[in-house]
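Open the model in your viewer and keep the selection tool ready. Each stop below tells you what to pick and what is there.

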Amino acid sequence: MNEKIERLQPRLLKQFQHILEQHKLAHAYLFEGARGTGKKEIALWLAASLLCVNKQDGKACRKCVNCVRVFEHQHPDVMEVAPDGLSIKVEQVRDLKAEFVKSGVESDQKIFIIEDAEKMTAGAANSLLKFLEEPDGKVTAFLLTTAKQRLLPTILSRCQLVHFSPLPKPILIQELEDKGISQNQAALLVHLTNDIEKAAALSEDETFAIQRELIWKWFKWLTKQDDEAFIFVQTDLLQYFKEREQYKLALSLLLLLYRDALKLFYGQQADELAFPRYEQELRQFIAQKSSKQLTEAIEEILLSQKKLESNVNAQGVFEQLAIRLMQKLSKPLSSLT
Amino acid sequence: MSYQALYRVWRPQRFDEIAGQQAITQTLKNALIQGKTSHAYLFTGPRGTGKTSAAKIFAKAINCPNLKDGEPCNTCETCRAITKGQLNDVIEIDAASNNGVEEIRDIRDKAKYAPTVADYKVYIIDEVHMLSTGAFNALLKTLEEPPQNVIFILATTEPHKIPLTIISRTQRFDFKRISLQAIIARMTYILEQEEIRFEPESLQIVARAAEGGMRDALSILDQAISYGEDTVTVENALSVTGSLTQEKLIDYFSAILHHDTEKGLSLLQEILAEGKDAARFVEDMILFSRDLLVYQQAPAKSEILETARVDETFTAMSQEISNTALYETIKILNETQREMKLTNHADVYLEVATVKLTQMQANTASPLPTEEKAADSQKVQQLESELQALKQQLQTLSVQQSQTTAARPAKRAPKKAANGAFKPNVSAIYKVLGVATKQNLLQLRDVWPDLLDMLSVTQRAVMKASTPVAASPEGLIVSFDYDILCQKAASDENLVQAIGSYLNRLIGYAPQMITVTAEQWPMIRSDYLKHHKEEIQSRTKAESTDHPKEAQKTASSSNASQLESAEPDAGWESLNQLIPVDEAGEEQKEDPIVTEAVQLFGKEIVEVQND
Ligand SMILES: [Zn+2]
Ligand SMILES: [Zn+2]
C-alpha cells in the first residue's frame with residue numbers, strides 16, 4: 001500500500017509523514033485531483049495512522065488489528081460515504097452525523113471519508129458545514145473530489161486543500177508499455193485517465209477500439225466538410241456511444257484530435273500527442289489551417305461538453321457540433337475592420 | 001493529540017478582533033452602547049468574513065453585565081457560557097440541517113417564553129438561505145410580531161435566496177471581503193502570539209490565496225505551518241496555495257509580449273506538470289496584470305500593488321507591455337476563468353487562452369468574443385465593474401508619470417527584391433532566412449486562410465495551393481505545389497501588391513513575397529543550412545557583446561527553428577543539433593553551449609543584415 005502511495009505521490013507522502021510526526025494533522029481535508037492519483041489511499045493511510053495501536057513515529061504500522069481493518073474497510077470508526085446514484089444526499093450526511101454523535105465504537109477517534117464530495121447536493125453540503133467546523137469529539141474528515149470548483153466555497157474554506165497531481169504522462173506511458181500495451185495505445189489512454197488499472201482495462205475493451213476508430217472517421221468526414229459527417233452521427237456514432245459517459249468520451253476523443261493538431265501547429269514534440277498514430281495525417285490537416293481555426297474548433301467541442309453536462313439531447317449536440325465545425329474549418333473569419 | 005485549527009482557536013471574541021469590518025462592528029457597538037438594537041439582523045457576505053463571529057459577540061455583548069464601549073467582557077459567567085455554546089438563551093441553529101417548517105414553528109413557540117438566565121434570547125440562524133419556503137413563511141410570522149426580548153440574527157452567504165419580505169424586516173449588514181492588509185495584520189498578530197516565525201512575503205502569498213476570507217487564510221496558514229519546521233516559509237506558502245513565483249509569471253508575460261505562442265504553451269505545460277492549480281494560475285495572472293497596469297501609471301505608488309514585487313524584471317515588463325495589451329489580457333483571462341469553472345478540461349481552456357493571449361495583436365486588436373452564458377453574467381458584470389473601477393483608479397492616480405507605450409515593431413518598409421522572370425531568387429531567399437523568425441511564420445500561416453479569402457476569385461485560384469514556409473519581418477517565402485502557379489504568382493504584380501496590402505491590414509506589416517516551388521524549397525533550405533552551419537562553426541571563437549538592434553529582436557528566437565515546421569531533412573537535423581533552441585525547454589536554455597550558439601546565431605543575423 002505504501003508502495004502505491006510512494007509511487008503516485010512521493011511528495012505528499014513525505015509531507016504527511018512530517019505532519020504526523022509533528023501531530024499536526026488538521027481535522028478536515030479536501031483532497032483534490034484526477035482519478036487514480038491516490039486520494040483514497042492516502043486518506044485510508046492517514047485514518048489508519050490515527051487509529052493504529054502500534055504507531056511508529058505517528059505513522060500506521062499496517063499490521064495491527066486496527067490498521068488491517070481500516071485497509072479492509074472494516075473498521076467501525078471509519079465511515080466511508082460515496083454517491084448514492086448520481087449524488088450524495090442529505091440523508092446520507094445526516095446518517096453520518098448521527099453516527100458521530102455516538103461516541104467512537106472503539107475509541108474516541110472517528111474518521112469519515114466522503115468520496116466524490118462534489119456530488120453532495122446543496123442540502124447535503126450545507127448540512128455538513130457546521131459539522132466540519134465544530135465536529136463533536138475527535139473527528140477527522142477527508143473529502144475527496146475530482147472537481148473542487150463544484151464544491152461550495154463555504155466547504156472549501158473549512159478544509160485544508162491538498163492537490164493531488166497526476167503522474168507525469170511519460171511515466172504512465174512507460175508503465176502501460178511494461179504491461180504490454182502498445183505505445184500508440186498507451187499515448188491515447190494516458191490522455192483519458194490517470195488510473196493505470198482503468199487504462200489497462202480500456203486497452204482490452206473491444207468496443208473502445210471501435211469507438212476510437214469511429215471518432216477518427218468522423219474527424220476525417222469533418223475535415224472533408226462532407227455532409228456525411230452530419231449523417232454519420234445517427235448512422236454510426238450513436239450506435240456505439242450509447243449513454244452519458246460514452247457521449248463524453250466521444251467528445252473527449254474528438255477534442256484530443258484537434259488538440260493534437262494545435263500542438264503540432266505550434267511545433268510541440270510528437271511524443272506529447274494523444275494520437276501519435278495519426279501524426280502524418282494531422283500534419284497535412286494543419287497545413288491549410290490557422291491557429292485561430294483550430295482554437296475555435298476546440299472551443300466548439302468544449303462548448304458541446306458543457307451542453308452534454310446540462311443534459312441537452314446528445315444527438316442534437318453532436319449534429320450541431322458537426323455543422324459548426326465544418327463551418328469554422330472551411331470559412332476563415334475575415335471580418336476585419 | 002488532535003491539532004486545533006487556528007481558525008477555531010483564534011475565533012474573534014470581541015468586535016475589535018473581527019478583521020476588516022470596522023464599519024459594521026462600529027455600528028453594532030454604537031447600537032449596543034445606546035441601547036438601540038434591532039430585533040432582527042441579517043448578516044450577509046462571502047464565507048469567512050466574520051458573520052457568525054459577529055453574531056456570537058453580539059449575543060454576548062447584549063447580555064453581558066460588564067459591557068464596555070460596546071464590547072463584551074468575555075470573563076463573566078454569561079459571556080463564558082455563550083462562548084462555550086452552553087447558554088440556553090442563545091440558540092444557534094444550522095438552517096441547512098433544520099430547514100423544515102416544524103423546526104421554525106418550534107422556534108416560534110419557544111421564542112414566546114422569556115429568556116431564562118440572560119436578558120435577551122438570541123437566535124442565530126446560520127445558512128438561512130437553506131430554509132424551505134414553508135419555514136420562511138413561519139419565520140416571517142415571527143418577525144412580524146417580534147416577541148419581547150428576543151433577537152434574531154440571520155446569517156447567509158447567499159442573500160439573493162432570501163425572500164424580500166424577510167429582508168425588509170431586518171436590519172441588514174453586508175460583510176465585505178477582507179482586505180489583504182487586514183488579513184496580513186491579523187495573521188501577523190496570531191503568529192506572534194503563537195510564537196511561530198514567518199517570512200513576511202509568505203503571508204502575502206497566503207492572504208492573496210484566501211480571496212478575502214479570514215477562515216480560508218488561517219486554514220492555508222495552518223497548512224503552511226504543518227509543512228515546515230516552525231517557520232512559515234515562502235516555499236511552503238507557494239506549495240500550499242499552488243501559486244506561481246513572480247519569475248514564472250514574468251516568463252509567461254514575455255511570451256505574450258513577444259507573441260511567442262510556442263513558448264507560452266511550453267511554459268503552461270511546465271507549470272501544470274509541477275502540479276500548480278489551473279484556477280490559481282489564472283487568478284495569479286489576473287492580479288499580476290492589474291499590478292502591471294497600476295505600476296505603469298503610478299510607479300511611485302508601489303504600496304498599492306496587490307501581489308507583485310517591484311524588481312528589475314517587473315519594472316522592465318511594465319515598460320515594455322502596453323496598457324491595451326494588459327486590458328485585453330485581463331479580459332481574456334476573465335473569460336477563461338468563467339469558462340473553466342465547471343469543467344474537467346481546465347488545461348485545454350488554458351491552452352486556448354495561451355494561444356489567444358500570444359496572438360493578441362497578431363490578428364485583431366480584440367480577441368474573439370465568446371458566447372456569454374446567462375447564468376454567469378452576474379460574475380462577468382462584477383468583473384467588468386471591477387475593471388472599470390480599476391480604470392478610474394488609474395486615471396485619478398498621478399497623471400504626470402510619463403506614459404510608456406508598447407514597444408512597436410521597427411519600420412517594416414519592404415526591401416526591393418528583384419522580381420524578374422520566374423527562377424527562385426536565391427539571394428532574396430537567403431536574406432529572408434537570415435532574419436526569419438518562427439513568430440513571423442506562424443503569424444502568417446495564421447492569417448493565410450483569411451488572406452486567401454480576401455483575394456479575388458482568379459487570384460485565389462493562383463494562391464490556393466500555396467503555403468508560407470518561412471518569414472521574416474520583411475520577407476515571406478511561399479511555396480507552391482505547382483510550378484505553373486508559382487510562375488504565375490511571381491509575375492503577377494497586381495497579385496503581389498494585393499497580398500502586400502491585405503497582409504498589411506491583417507498583421508500590420510507587409511512582407512515581400514518570394515515564391516518558390518515545393519520541389520525547389522527543400523534543396524534551397526538545405527543549402528542554406530549547410531552554408532550557415534559552416535559559418536557558425538567557424539565563428540565559435542568570435543564573441544560579441546553587441547546586442548541585436550530592434551529589428552533583430554524579433555528574430556532573436558532563432559531563425560533555425562522556423563524551418564522545423566517543414567519536413568525535417570539532413571541539413572535541418574545538423575543545425576538542430578547545433579542549435580536546439582526553441583524545442584528545448586528552459587533547462588536547456590541554461591546550457592552554456594546552447595546559449596553560446598544562440599549568441600552566435602544572433603551575431604550571425606546582425607552580420608547578414610548589415611551587408
Ligand atoms: Zn497499526
Ligand atoms: Zn461578560
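**Before you start**

This is a predicted model: local features need pLDDT of at least 70, side-chain atom pairs count only at pLDDT 80 or more, and totals for chains, interfaces and linings use all residues. Residues are numbered from 1 along each chain as its sequence is written, chains are lettered from A and ligands numbered from 1 in the order in which they are written, and side-chain values use heavy atoms, with hydrogens and water left out.

**Stop 1: zinc in chain A**

Select the zinc ion (ligand 1) and show its donors: the SG atoms of A:Cys52, A:Cys61, A:Cys64 and A:Cys67, 2.3 to 2.4 Å away. Donors are N, O and S atoms within 2.8 Å of the metal (3.2 Å for Na, K and Ca); water is not among the atoms, so sites may look incomplete. For reference, ideal angles for four tetrahedral donors are 109.5 degrees.

Now trace the chain. A:Cys52 sits in the loop between helix 3 (39–51) and helix 4 (65–71) of chain A, and A:Cys67 is in helix 4, so the pair ties together parts that are 15 residues apart in sequence. Helices are DSSP runs (H or I, at least four residues), numbered from the N terminus. A:Cys52 and A:Cys67 are both buried, meaning under 20% relative accessible area (1.4 Å probe, protein chains only).

**Stop 2: zinc in chain B**

Select the zinc ion (ligand 2). Which residues coordinate it? They are B:Cys64, B:Cys73, B:Cys76 and B:Cys79, each through SG, at 2.3 to 2.4 Å. This site is tetrahedral, with angles of 99 to 124°. Along the sequence, the donor residues follow C-x8-C-x2-C-x2-C. B:Cys79 is buried, with a relative accessible area of 0%. B:Cys64 is buried at 7%.

**Stop 3: the largest cavity**

Select A:Glu133, B:Gly48, B:Gly50, B:Ser53 and B:Arg215. Of the 31 lining residues, these are the closest to the centre of the largest cavity. A cavity is a set of points on a 1 Å grid over the protein atoms alone where a 1.4 Å probe fits but cannot get out; lining residues have an atom within 4 Å of a point. Helix 3 of chain B gives the largest share of the lining, four residues.

**Stop 4: helix 14 of chain B**

Finally, select residues 278–297 of chain B. Of the 20 residues in helix 14 of chain B, 19 are buried.

Note on methods: 1 Å grid on protein atoms, 1.4 Å probe; cavity = no way out; pocket = protein on both sides within 12 Å on 5 of 7 lines; lining within 4 Å. Helix = DSSP H or I, 4+ residues; strand = E, 2+ residues; numbered from the N terminus. Buried < 20%, exposed > 50% of the residue type's maximum accessible area, 1.4 Å probe, protein only. Tetrahedral: all angles 85-135°; square planar, octahedral: opposite > 155°, others 65-115°.
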